[in-house]
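Visitor: Hi, I've got a structure to get my head around. Can you walk me through it?

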Amino acid sequence: MAVSAYSEVAARRRFLRLVATGGAATGVAMFAPGLLRAADLPHLDASDPTAKALGYVEDASTTTNAKHQAGDACANCQFYSGGPTGYGPCQIFAGKSVNAKGWCVSHSPRK
Ligand code: SF4
């Protein structure tokens, strides 16, 4: 019993030290990508297995996928929340940023 109480106090002290040093904030950022700034998100690699499965390409004009409609690109997809150029977050590829000029089969026109 006394050992258990000691362990709880020790664990609490370790947690408070972690919070004080910013370690907890780093941990939250690692497991909650939505809290990261869009500019901090790593670019989606087109060779990523999920990206490949969804036919993601960095440049929509290069796709040969029959589902692609002229003019469709990440920049006009409802799942994209970045700017008209560069990279931005995509709800389908959480924790990654996609190219505004990119495209995948999940494209859904922004309304
Ligand atoms: S879901 Fe939309 S924004 Fe995301 S990669 Fe596909 S086309 Fe781009």
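This is a predicted model: local features need pLDDT of at least 70, side-chain atom pairs count only at pLDDT 80 or more; totals for chains, interfaces and linings use all residues.

Visitor: Okay. Where does V98 lie?

Guide: V98 lies in strand 2.

Visitor: Is V98 buried or exposed?

Guide: Buried, because its relative accessibility is 1% and the cut-off for buried is under 20%.

Visitor: How far is V98 from Y56, C-alpha to C-alpha?

Guide: That's 9.0 Å, though they are 42 residues apart along the chain.

Visitor: What about S97?

Guide: S97 is in strand 2 as well. S97 has a relative accessible area of 1%, so it counts as buried.

Visitor: Which residues does S97 touch?

Guide: Setting aside residues up to four places away in sequence, S97 touches L41, P42, H43, L44, Y87, G88 and P89. Take L41: it is 56 residues from S97 in sequence, yet their C-alpha atoms are 5.6 Å apart.

Visitor: Let's zoom out. How many helices and strands are there?

Guide: The chain has 3 helices and 2 strands. Starting at the N terminus, the order is α-α-α-β-β.

Visitor: And what share of the chain is buried?

Guide: Of the 111 residues, 24% are buried. The accessible surface comes to about 7400 Å², and carbon and sulfur atoms account for 60% of that.

Visitor: What part of the contacts links residues 24 or more positions apart?

Guide: Counting contacts with a separation of 6 or more, 61% are between residues 24 or more positions apart.

Visitor: Now the ligand. Which residues are around it?

Guide: Around the ligand you'll find Y56, C74, C77, F79, Y80, C90, I92, F93, W103, C104, S106 and H107. By type, that shell has 10 nonpolar residues, 2 polar ones and no charged ones.

Visitor: What kind of space does the ligand take up?

Guide: It takes up the largest cavity.

Visitor: Next, where is L54?

Guide: L54 is in the loop between helix 3 and strand 1, and that strand covers 87–89.

Visitor: What is L54 in contact with?

Guide: Apart from neighbours within four places in sequence, L54 contacts I92, F93, C104, V105 and S106. Among the residues around the ligand are I92, F93, C104 and S106. There's also a distance for L54 and W103: 9.2 Å between C-alpha atoms, with 49 residues separating them along the chain.

Visitor: And D40, where does that go?

Guide: D40 belongs to the loop between helix 2 (23–31) and helix 3 (49–53).

Visitor: How far apart in space are D40 and G88?

Guide: Their C-alpha atoms are 9.8 Å apart, and in sequence they are separated by 48 residues.

Visitor: Last one: S108. Where is it placed?

Guide: S108 sits in the segment after strand 2, which spans 97–99. At 16% relative accessibility, S108 counts as buried.

Visitor: Which residues does S108 touch?

Guide: Not counting residues up to four places away in sequence, S108 touches N76, C77, Q78 and F79. Two names there, C77 and F79, are also in the list of residues around the ligand.

Notes. Residues are numbered from 1 along each chain as its sequence is written. Side-chain values use heavy atoms; hydrogens and water are left out. Helices (H or I, at least four residues) and strands (E, at least two) are DSSP runs, numbered from the N terminus. Buried means under 20% relative accessible area, exposed over 50%, partly exposed in between (1.4 Å probe, protein chains only). Contact means heavy atoms within 4.5 Å. A residue is near a molecule or strand if one of its heavy atoms lies within 4 Å of it. On a 1 Å grid over the protein atoms alone, a cavity is a set of points where a 1.4 Å probe fits but cannot get out, and a pocket is an open set with protein on both sides within 12 Å along at least five of seven lines; lining residues have an atom within 4 Å of a point. A molecule sits in a cavity or pocket if more than half of its atoms lie within 2 Å of its grid points. Ala, Val, Leu, Ile, Met, Phe, Trp, Tyr, Cys and Pro count as nonpolar, Asp, Glu, Lys and Arg as charged, and the others, Gly among them, as polar. Accessible areas come from the Shrake-Rupley method with a 1.4 Å probe; for residues, only the protein chains shown count as cover.
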